[in-house]
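Thanks for making the time this morning.

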Amino acid sequence: MTDRIISWHDAPSRPRYTPPAGAIDAHCHVFGPMADFPFSAKAKYLPEDAGPDMLFALRDHLGFARNVIVQASCHGTDNAATLNAIARSNGRARGVAVVDPAISETDLAALHDGGIRGIRFNFLKRLVDDAPKDRFLEVARRLPEGWHVVIYFEADILEELRPFMDAIPVPLVIDHMGRPDVTQGPDGADMKAFCAFLQSRPDIWFKATCPDRLDPTGDPWNAFAEAVVPLVEEYQDRVLWGTDWPHPNMQDAIPDDGHLVDMIPRIAPTEALQRKLLVDNPMRLYWPEE
Ligand SMILES: O=C(O)/C=C(\CC(=O)C(=O)O)C(=O)O
């Protein structure tokens, strides 16, 4: 793999929608810089550098106050780039790590000190070689106090993953709602299955994220808005929102981040919902001490 990929908009528009004070972009990533933080030998894509300075400039441009930085698969289980970004954020970023399940308690504590508050299990075959459920479960049972598990999977394996997810003893946060087919609409099979899953436990959270990934009708992503707005309303105390910048693997349909922000009032139509989505909910998971 030699070609480095750019998957982000070089001049995102300024959103028309203004997020509330203290708004948190709760799903974004950093790439490198590679000279300081090389990519994993197992990486399935090799992006151009998208480091903390770029992320924080975008945060300010979009009107956000904080970030939750999720370790992307291209950095494997070496969380140094994510930790570096958190350290440079002046307390305005926390993160989610990807770890070798054999990680020691000491190393987990060090991640906590570095601002990590959860670990991510990625089940997308195009992104990772293996996802050992038994080993994932073992580490999920010995996480630091207050941590959660982020899970990334596609809708077709939701049922298969149920016994594994049901056994995880800490809150779950599901990336991109488990990638439903939003063109089926709010009552489609994928959304129904995801709702049933949410109803099975009160501590399953989800990210109402990635219209660009999930809606083949494209910007302005009407199918996404229609399918997701009832879910946000129904589960308003356990939903998060994020840009997903720098949009790994979206180089063929790069979204305008300003337009992504303008989706917020379409999936959370009232000020009260927007406050929960962007401030209260992510604060409870990532800055509970404030
Ligand atoms: O950024 C996302 O959430 C989605 C990704 C990338 C990813 O998760 C990773 O590299 O770990 C994807 O679907 O390619």
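When I speak of a contact or say that residues touch, I mean heavy atoms within 4.5 Å. Please also keep in mind that this is a predicted model.

Let me begin with N122, which sits in strand β4, residues 116-122. Its relative accessibility is 9%, and N122 therefore counts as buried, since the cut-off for that word is under 20% relative accessible area. Leaving aside residues up to four places away in sequence, N122 touches S73, L127, V128, A131 and Y152. As for its polar side chain, one of its polar atoms lies 3.0 Å from the backbone nitrogen of L124.

Turning now to helix α8, residues 222-234, we have 13 residues that reach 19 Å from the first C-alpha to the last, close to the 18 Å expected at 1.5 Å a residue. Where does α8 bend? The bend, of about 35 degrees, is at V228, and a proline, P230, follows within four residues. V228 is also among the buried residues of α8, together with A223, F224, A225, A227, L231 and V232, and the elements that cover this buried set include α6, β7, α7, β8, α10 and α11.

That brings me to α11 itself, residues 271-286, whose 16 residues reach 21 Å from first C-alpha to last, close to the expected 22 Å. Here there is a kink of about 40 degrees centred on L277, and L277 is one of the buried residues of α11, as are Q274, N281, P282 and Y286.

Key:
Residues are numbered from 1 along each chain as its sequence is written. This is a predicted model: local features need pLDDT of at least 70, side-chain atom pairs count only at pLDDT 80 or more; totals for chains, interfaces and linings use all residues. Side-chain values use heavy atoms; hydrogens and water are left out. Helices (H or I, at least four residues) and strands (E, at least two) are DSSP runs, numbered from the N terminus. Buried means under 20% relative accessible area, exposed over 50%, partly exposed in between (1.4 Å probe, protein chains only). A polar contact is a pair of N or O atoms within 3.5 Å; within protein, one must be able to donate a hydrogen and the other to accept it, and residues adjacent in sequence count only if both atoms are side-chain atoms. The expected span of a helix is 1.5 Å times one less than its number of residues. The bend at a residue is the angle between axes fitted to the seven residues ending there and the seven starting there.
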